[in-house]
Amino acid sequence: MADHAATHAVHDPNIGTTGLDHRKMGMWAFLGSDCMFFGSLIGTYLAYKGKSISGPSPRDVFDIPLTSYSAALLLASSLTMVLALAALQDDRVKVAARWLLATAAMGLHFVLNQVYEFWTFVHHHDLTLSTSLFGSSFFVLTGFHGAHVTGGVVWLLLLVGLAWGGRLDKRDHTKVEIAGLYWHFVDIVWIAIFTVIYLIP
Amino acid sequence: MTEQPSTAARFPKRLDWPLVGLLAALLLLTGACSWVGWNWDTPMTTVNPKSDFGRTTHAIFMLISWWALGIFIAVEGALIYACWRFRERPGAPIPKQVHGHTALEISWTIAFAVILLIIAIPTIRAIFKTQEAPAATALRVDVYGKQWWWEFEYPQHKITTANELHLPAGQTVAFFLNTPDVIHSFWIPQLGGKRDVVPHRVNLITLTPEAPGEYPGQCAEYCGMSHANMRFRVIVHEPAEFEKWVKAQQAPPVESADVLAQQGKTLFAQSRCVGCHSITGISASRIGPDLTHFASRKTFAGSLMTSTPDNLTKWIENPEHMKPGALMPTLGLKGEQSKALAAYLLSLK
Amino acid sequence: MATPAAFMPGAKAEVPTFWGVIASWLITVDHKRIGILYGSSAFIFFLIAGIEGLIMRLQLARPDNNIVSAQTFNELFTMHGTTMIFLAIMPMSAAFFNYMIPLLIGARDVAFPRLNALSYWIFLSGGLLLHASFLFNAVPDGGWFGYANLTSSQFSPSHSIDFWMLGLQILGISSMLAGFNFLVTIINMRAPGMTLMRMPVFVWMSFVTQFLIVLAFPAITVALILLMFDRFFGTLFYAPAAGGDPLLWQHLFWIFGHPEVYILILPAMGIVSEVLPTFARKPLFGAPVVIYSGIMIGFFGFGVWSHHMFSVGMGPVADAAFSIATMLIAVPTGVKIFNWLGTLWGGSIRFRTPLYFSLGFIAMFTMGGLSGIMHASPPVDLQQTDTYFVVAHFHYVLFGGSVFGLFSGAYYWWPKITGKMLDERLGTVHFWLMMIGFNVTFFPQHYLGLIGMPRRIYTYAGDLGWTFWNLVSTIGAFTVALSFLVFIGNVIKTARSGQVAGPDPWDGRTLEWSIPSPPPVYNFARVPEVRDRDDLWLQKYGDGHEGAPRPKPAPVTAAEIAAIYMPPTSFWPILLAIAMAVMISGLLISMYQVIVGGLVTLLFMYKFAVEYHRPAGGNRH
C-alpha cells in the first residue's frame, strides 16, 4: 500500500507535464466551446430582435424585478460555490457540503423562477415557441441556459451526496473546482443573456 | 538504425523511369486529345459572354486563369524537377540537414501575396461596379422562382409569362429576384453570373444583353425533387422585335376557330385548372404559370419539354410522371378531354 | 496485437476466446485499439459513400438517364457528401490522432482514455443512425449542407431530414468530446523536453484541428437545434412567413462549415509534413513557418465563411470583405506548399508508396488551391459556384488533398500499427490507378462547370455539350474504385504473408519509430527525454552540431515495465453511448423513449464519472 501511494505521489495520472490537472484543462476547453454555443444562440436572438411581425413584445411580458432577483440569486450562488471549494480545501467537508447544497438550492430556485416566468408568458401573454421570432428565440436561448443550470444543480447535488456518504474530502478538491468553473461560467453567461434580453431596449 | 536490408532487396530503390516516361506520354496524349475536345462555344457556356456583366467577370476570370497557369507550371514543375534531380543515388550520403532559409520564406510569401493583390484589385472594382443601382431607364423584370419553374413579370408592360424570358438587345435590364417558396438561383450562363432568390428578400441583378440570340438558363441552387428540371430560355431580340413581342403578349387571348380548341376552352373554365392558372378574361391565379399566351412559348413545364400536342396531352394527364415531384395535380382528365385542353393551349399564341 | 490484459501488473496470462476478444474490443480504452476501431469504421463508410458516388456517376454518364430516380439521386448526393465528410475523412483523421499522437509526443495514452472510447462509440451510433434511414425509407435528401427553408417541415415533410439532423448532432458530440481530449493530451502529456516547438508537425496540425473542432462545431449544433425546434416544436427560426431568415441557417452553417474544411485538410497536411522529411532524408523545410501557417489558417479560417454565400446577395461590402479575407488565407496555404518543395529540394529522395501519396497530395492540392483562388473572387465565383466547377474544386482539395494525405499516412504508419509492411508493388499500382482515375474523373468537371452544368442535378439534356465529358468522368470514377480494390487486396495479402516491419522500416525521424511494431500497450517502456523535433534522427545520426550521436541508454528492466500503470478497461463508454443513442433516436419515435433514455443516460453519466471514485472510507484507486 505504501509504494502504491508513493507511485501516485510521484505520478498522479491526472496531473500533466505542465503541472496542471487534465480535468481542469478539459473543463476550460469545454467552456470555450460552450462560449461559442451561447454566442451563436445570443447572435440569433440579436439578429431577430425587433423583427417579429406579431405577438407580444418584450416590454409587454417581462417582469424585470423578478428576473433581476433571479440574476442576483445566481450571482450569490457563485459566491457560495467559492465558499464551498474553500471549505473543502480546508478539509471541512460538512461545511463544504452545506455550501454546495446552498448553491444547488439557489440554482434550483433560479430554474423554478424561470419555469414560472415561462408559464406566465404562455398562459397570460399567449407567448409560445411558435408565436413569433421573439417567442422562438427567447425560449430557446433562456431554455438552454436553464438546462445548463439544471445540469449544474444535479451535478452539485451528486457532489453533496458523495460528501454525505463519506466519499468526498480534501483530496477531491479538483472535482469540486471544475464543478465551480462550470457554475461560474453558467453565471457569467446569464449576465450576458440578461443584459441582451432584459436590459437592452 | 538504417533501413532493413531485406526490405531493400524487395523493391526498386530508384524510380522506374521507363514506366514514368510511359505514363507521362500517356498523360500528354490524353491532354492533347482533351484540348481538341474542349468546345467552349456551347449553349450554356460561361466563357463566351454576351452581356456587359458577363464580360466584366470574364475578364477577371481570364486574369486569374493566366496567373493560375503560371503558378501551376512553376509549382508542379518544381515538384517534378525536384523528384528527378534529388532522387536517391546508390551509396549517397545523408543530405545536408537544411532547416530553412528566412530570405526565401519572405520572398515567396511576398511574391504570392502580390499576385493575390493583382487579382484582388479588379475583383473589388467589379464587385461594386456590377452591383450599382440600375438606371431609371432600365427595363424591369420581376423574376419569381417557384418549385420548379420560373415566372417573369414585366410591371412596366403589365405582362406576366413563364419559362421564356424575352429581352431587347442593348437595353439594360434590372431583374428583381423573388421566390414564394424555397431558395433557388437565377442563372443565365452566357449573360453572366447567378444570383439566388431567397424567400422574403428581393435580390437584384443588372445586365445589358449585347446581341440577339437564344440563351438557356437554369436554377442553380438545389431546391428539391425537380431542381434539375427547373430550366428556362432567354430570347434576346432586336429592340423592334421585342416591342412586337410585348404587344403580342399584351393582347387579349387568341380566339381559335378550331372545334377541339373551343371544347378545351370550355373545359378549362369548368375545371380546377382555374385554381392555379390565369388566362386573361377567364381566371386569375398565380400559383401556376400564366397561360394566356402559352403557344407563344416553345417549351413548358420549366422549359423541360417542347410544346407539342403529344407532350402536352401526356403532361395534362399525369404531370408527376413526366416531371418528378411536379406540384400540378393529376386532375383525372383523359382521352378527349386532355387532347382538347392541349389543342386549346396550343391555340393561345 | 498486444492485449492489455497481458501487461496489467499482476494479471494472469489468458488464452483468448472468440467472445473474449470481441469483448476486449468493446471495453477497450487503449488509444491504439480505438484508433483501429475508428480507422476500420471510417474505411467501411468511405466505401459506402464511394459506391454512392459511383451510382451517381452511372446516372450522369448519359443525358436523360434513368438508372435511378430523381428522389434517389438527391438522396445519393446528400449521403455521399455527409458520409464522406463526417463518417469517412473526419474519423480517418481521428484514427491517426488516436493512434499516433501519444506515440509522437512520447505519452502512454491520451488524457481521458474512457472519454476517448466514448467518443468512438458515440461516433459509431451517429453513423448507424444516419444509415438507419435507409431501413426506414427516409434517406436524407436535402444536400449535405441542408439549406433552410427546403429542410423545413413544409418542404421536407418526411423523416429524412430528421435522420440527417439527429445523426449530425450525435457526430458533433463525438467530435467535440474527442477535441477536448486531444487538446488536453497535447498540452499536458508531452514527454519531458518536448516544448511546443519541438512537437512533430502532425501533432501541431492536429492541435490546431482540435481547436477548430471545439470552437466551430457549436455553430452547427445551434443551427441544427434551431432546425430541430422548427421541425418538432413549431418555432419560427427559418420560417420566412414569420420573418425568419433562411440565411441565418447559411451563416451558422458556414461559420462551422468553413473551419470544417480546415479540419478536413490540416491533419492530411500534417501527415505530408511527416512523410516528406523521412523519405527525403532532410528535416521539414521551414518547420516553424509551416507551424505558424497552420495556426494562421486555423485562426483566419473563422473569418471567411461567407465566401460560400457570394450568390445570396449580401451586398458589395460584405462580398468584398470576405473576398479579401479568403485571398489572405491563401497566403499561408501557399507558403506551406513552397516549404514542402523546399523539403524535397536538396534531399536524397527514396520513392516508396507513402511518398507517392504525399507527392500526389502536393500536386493535386495545388490544383484545388488554384481553383479556390478563382472562387475567392465573387464576380468569377458567381459563374462557378453551384456548378461542376466547384465540385471539381472541392474534390481536388478533399480527395486530391485529404484522401491522398490519409492514404500516405496509412502506408507510412501501417508497419508501426500492424508490424507488417504493405506490398510496395501493389502500393505503386494503387497510387497510379488512383492518381490517373482521380484526374480523369474530376479534371473534366472544371470544364463541365465552365460550360454551364449546375451541380446536384439528377439528369441533363443532351444538346448542351455536356455528354462526352460526363461519360469520361464516369470512367475515371470506376478507375478510382478499382484502385481501392488493389488497396484492399494489398491489406489482405500482407495480413497473411506480409514482411515483418521491425521498429524503424523507413529510417524515421520521430519517436514512434523508436518502439516496437506494433507497440506494446504501454507504448514507451521508459518515457523519452526529447531534445529536438526530429529527436530520433538526432539519436541515430547527430545533426553535425552536437558531434557524435548520443550514446544508447541502458536497456529497460522488467521492474521498470512492471511499475507502469495503464488504465483498465471499462464498459461504461459503450453503455453510455448506447443510452444516448436511445435517447436521441427517441425524438423520431416517442417522447417516452426520450425521457427514459434521458434518465438512463444521466444514470450512466454518473456511473461513468464515479467509476474510479473511491468507495466510502476507501483509498483512491
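Which hand does the crossing of α5(C) and α6(C) have, left-handed or right-handed? The close-ups below take this up, along with a chain contact and a sheet. The model is predicted, with local features needing pLDDT of at least 70, side-chain atom pairs counting only at pLDDT 80 or more, and totals for chains, interfaces and linings using all residues. Residues are numbered from 1 along each chain as its sequence is written, while chains are lettered from A and ligands numbered from 1 in the order in which they are written.

**View 1. Helices α5 (residues 113–135) and α6 (residues 160–188) of chain C cross at roughly 165°.** Their axes (lines fitted to C-alpha atoms over the stretch in contact, with angles from 0 to 180 degrees between N-to-C directions) come within 8 Å. The two helices are therefore roughly antiparallel, the word for angles over 145 degrees. Their crossing is left-handed: the near helix is turned anticlockwise from the far one by less than a right angle.

**View 2. Chain A meets chain C through 33 residues of chain A and 38 of chain C.** Residues are in contact if their C-beta atoms, placed from the backbone, lie within 7 Å. On the chain A side, α2(A) supplies the largest share, 13 residues.

**View 3. Three strands of chain B form an open sheet in the order β4-β10-β9, with mixed pairing.** Strands (DSSP E runs of at least two residues; helices are H or I runs of at least four, all numbered from the N terminus) pair if DSSP finds at least two bridges between them. β9(B) and β10(B) pair in the antiparallel sense over six bridges, and Pro216(B) has Arg233(B) as its bridge partner in β10(B).

Methods: Parallel < 35°, antiparallel > 145°, perpendicular 65-115°, else oblique. Contact = placed C-beta atoms within 7 Å.
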